[in-house]
Amino acid sequence: MDDGDRRADVVVVGAGPAGSSAAWHLTRAGLDVAVLEKARLPREKVCGDGLTPRAVKALDDLGVDTTGWVRHKGLRVTGGGQVVEVDWPTLQRWPGHSLVRSRRDLDAGLAAHAVAAGARLVQEVTVTGPLLDDAGRVAGVHAEEGPDRAPTTWRAPLVVSAEGLSGRLAKALGLLRREDRPLGVAVRRYVTSPRTHDDYLDVSFDLSPAGPSPDSMPGYGWAFGMGDGTSNVGFGLLDTRRGTGAEPRAVLREWLATLPREWELGEEHAVTPLRGAGLPMALHRGPAYTRGLLLAGDAAGTVNPFNGEGISYALETGRMAAEAAVAGLAAPEGPAREAVLRRYPQRLREEYGRHHRLGTGFLALLARPDLVRFATAHGLKRPALVARALRLMGNLSDGRDGDRFDRAVAVLTRLAPAV
């Protein structure tokens, strides 16, 4: 590959959901796009593998064919000795079902979808830093390619960072993670399980026999049937600042001990090691645009603080970053282009900032084990109340066009200050 091949209208770093979404939308807009991925797909990625109705909508907008994917119609929630099954809401804006797809298959499929649209995917490329012009503006990236890690340079007027939590490019420009914003952690493994086929996704707030405790708060466990003879079993701690640093394997073992043995979710049924990853929340790094670099997905900290869900927001922000790049490149180079691109961070704040503010407040309540024990013991007896909480936490609403609850949430969200 010569220097001419290492030029593009936009370089996208990372071929996860955010990067592939950005690449697909950019390519469909007629731009030459190069996607640089440090691994070789398919590859493992720590995740619960659940695709909420919001993520299903984003996949539909991308034109992804989900025929044959495992569907679920709702959640089975356990807490305070109570169990309730709640279907996903029936809304105008969002599908009424969720999907499960391993990230190994999802990410490879999304990257292939972007390539089919015309994007160039270059694998085993480790981006080491930004290429800066004389004005200090990003004009591409420095990288190492292939097994011999040959140094290379990729040039483009704009770069989209979809690198995930690491955010190497953002850090190089001084965009550091805000310590006052929540950072979660997800830990999971796959097990062979007779519960691989189930209409509901299992979620539990009781991570210990005694129920919620300071060691495991705020957080929840999950067991998602993959439909292939296995289940994805793990837990998420939604704000590590409020935990005591308990060892993840011990937390998982203690939670699994509370479940019926016939579910066969224990370590003896594991088919993969226990793996963990960070959950960057509440727009924790910004601004999401500066000096030729746009941040999307986890690089911008777009994970929902209410539930730790990030795939839908990665897909959505990939699209929004692409739209900002298309509009920016259509403007004359210089102040006019910069003015267009600087609207992107504001758009993220408008889309998510107020909901994230509510979510961080929710995490503060979840950090009180006594309150969670009371809420789950009494709230789960009222399925209608649980269904409404599910809509709020999942950011699933028809807004002011919806029912009375949707309109109340719309007012509450407008009153909340953006993060």
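Reader: What should I know before I start?

Author: Residues are numbered from 1 along each chain as its sequence is written, and side-chain values use heavy atoms, with hydrogens and water left out. As the model is predicted, local features need pLDDT of at least 70 and side-chain atom pairs count only at pLDDT 80 or more, while totals for chains, interfaces and linings use all residues.

Reader: Which residues touch the most other members of the largest nonpolar core?

Author: Here's the general idea: in soluble globular proteins, nonpolar side chains tend to be buried together. A nonpolar core is a set of buried Ala, Val, Leu, Ile, Met, Phe, Trp, Tyr and Cys residues joined through side-chain atoms within 4.5 Å; buried means under 20% relative accessible area (1.4 Å probe, protein chains only). In this model, that core has 72 residues, and Val10, Val11, Val141, Leu294 and Tyr344 touch the most other members. Helix α6 (residues 311–330) gives the most to it, with 10 residues; a helix here is a DSSP run of H or I, at least four residues, numbered from the N terminus.

Reader: Why is α6 called largely enclosed?

Author: Because 15 of its 20 residues are buried, α6 is largely enclosed by the rest of the structure.

Reader: And where is aspartate 398?

Author: Look in the loop between α10 (383–393) and α11 (404–415). Aspartate 398 is buried yet has no salt bridge, meaning a side-chain nitrogen of Lys or Arg within 4 Å of a carboxyl oxygen of Asp or Glu. Its side chain does reach the backbone nitrogen of arginine 93, at 2.9 Å.

Technical notes:
Helix = DSSP H or I, 4+ residues; strand = E, 2+ residues; numbered from the N terminus. Buried < 20%, exposed > 50% of the residue type's maximum accessible area, 1.4 Å probe, protein only. Lys, Arg positive; Asp, Glu negative; His and termini not counted. Polar contact = N/O pair within 3.5 Å; in protein donor to acceptor, adjacent residues only side chain to side chain.
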